[in-house]
Amino acid sequence: MIRFPLTSLLIILLNFAVPPQYLGAVDYPRMVVFTANINAALDDCGCSGSAAGGLDRIKTLVDSLRQQYSQLLLVDGGDFLSSYSQPALNHTVVDIMTRMAYDAMAVGDQELVEGTGFLDTMARRLPLRVANLKSKAGERWQQFKPPLLKNGLRLFFFTHREAFDFIPLNGLPLTDPTPQWNPAPTMPIIVVFHGSLEAARKFARTAPDVSVILVGHDQRKGVFREGRTVLVTVGTEGEAVALVRFAAGKPPQVELLPVVRTIPPDPEIRRLVEKFYQSLNGK
Ligand SMILES: [Zn+2]
């Protein structure tokens, strides 16, 4: 087991009343680990302070959490690719994230940076999701629409068109995020929202039955509230991941786990990163 400096864990206990619909017969606890805005950071981002971020250390952290919590879901909020077209780098990111075995990943604006052809290729390897794509059965976007229903949790994925101010939508038929679920008394509703924190707050006001909104694209880091809904952002370059815990009879608990340099890089991911750097040097 990896040793983390416990003092560096920012543990935020959210003390608000638990809506009765979240208290049911589903087995608890349930865990979601949330990453977002990795921005193709393969390894140490060189960021100030103790945060290293980067996929090689995130993999180590996630594996450690999986050893502790067997029911854990791993979810990304989008912008895992670079914000610039760099095909070799972005292919390496896809190779690494395939090995991390995500349960679901939002499609953000940066996932369009290499065009819709690259998006289609990624979709064959990664569990990409965005519910608010206008499509019919049989159309290629249809595969992105289903929510993630797993381990007694329901996760819905929305991407806001305002996120596409730098990278164009490229014909992606995106509609406005709209709550589209039926009440289920025993399953907390989680939304993975790609857009600004302000847009996510606005969405929360239209969907007060949502327990937690995991926000990608917005590069702030923190835990916020809108009504009874908790909103979570995790910064940038993988500087932190969020661990969200649902327990019967308790409010959701959010821990922001900093990805610090004392976490050793995962050896398998490290080899992929080194291979990428060697390919650059060989040119
Ligand atoms: Zn984005």
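Predicted model: local features only at pLDDT ≥ 70, side-chain atom pairs only at ≥ 80, totals over all residues.
Which residues in helix 2 meet which residues in helix 5?

Residues are numbered from 1 along each chain as its sequence is written.

The protein has five helices and 13 strands; these are DSSP runs numbered from the N terminus, H or I of at least four residues for helices and E of at least two for strands.

Back to our pair. From helix 2, A88, L89, T92, D95, I96 and R99 meet E268, I269, L272, F276 and S279 of helix 5. By class, that contact holds six nonpolar, two polar and three charged residues. Here Ala, Val, Leu, Ile, Met, Phe, Trp, Tyr, Cys and Pro count as nonpolar, Asp, Glu, Lys and Arg as charged, and the others, Gly among them, as polar. The two helices pack at an angle of about 170°, with axes 10 Å apart. Axes are lines fitted to C-alpha atoms, for helices over the stretch in contact, and angles run from 0 to 180 degrees between N-to-C directions. Helix 2 and helix 5 are therefore roughly antiparallel, the word for angles over 145 degrees.

Now, the inside. Of the 283 residues, 43% count as buried, meaning 20 or more other C-beta atoms, placed from the backbone, lie within 10 Å of a residue's own; 12 or fewer is exposed, and in between is partly exposed. The largest nonpolar core has 79 residues, and F34, I213, L214, V232, V241 and A242 touch the most other members. Such a core is a set of buried Ala, Val, Leu, Ile, Met, Phe, Trp, Tyr and Cys residues joined through C-beta atoms within 7 Å. Strand 12, residues 240-246, gives the largest share of this core, six residues.

Leaving aside neighbours within four places in sequence, V241 is in contact with partners including V33, F34, I58 and L61; contact means C-beta atoms, placed from the backbone, within 7 Å.

On to helix 1, where L55, D56, R57, I58, K59, L61 and V62 are buried. Among the elements covering those buried residues are strand 2, strand 12, helix 2 and helix 5.

Last, two loop residues. N39, between strand 2 and helix 1, has a positive phi near 55°, and with 19 C-beta neighbours inside 10 Å it counts as partly exposed. A101, between helix 2 and strand 4, also has phi near 55°, but A101 is exposed, with 12 other C-beta atoms within 10 Å.

How values were computed: Contact = placed C-beta atoms within 7 Å. Parallel < 35°, antiparallel > 145°, perpendicular 65-115°, else oblique.
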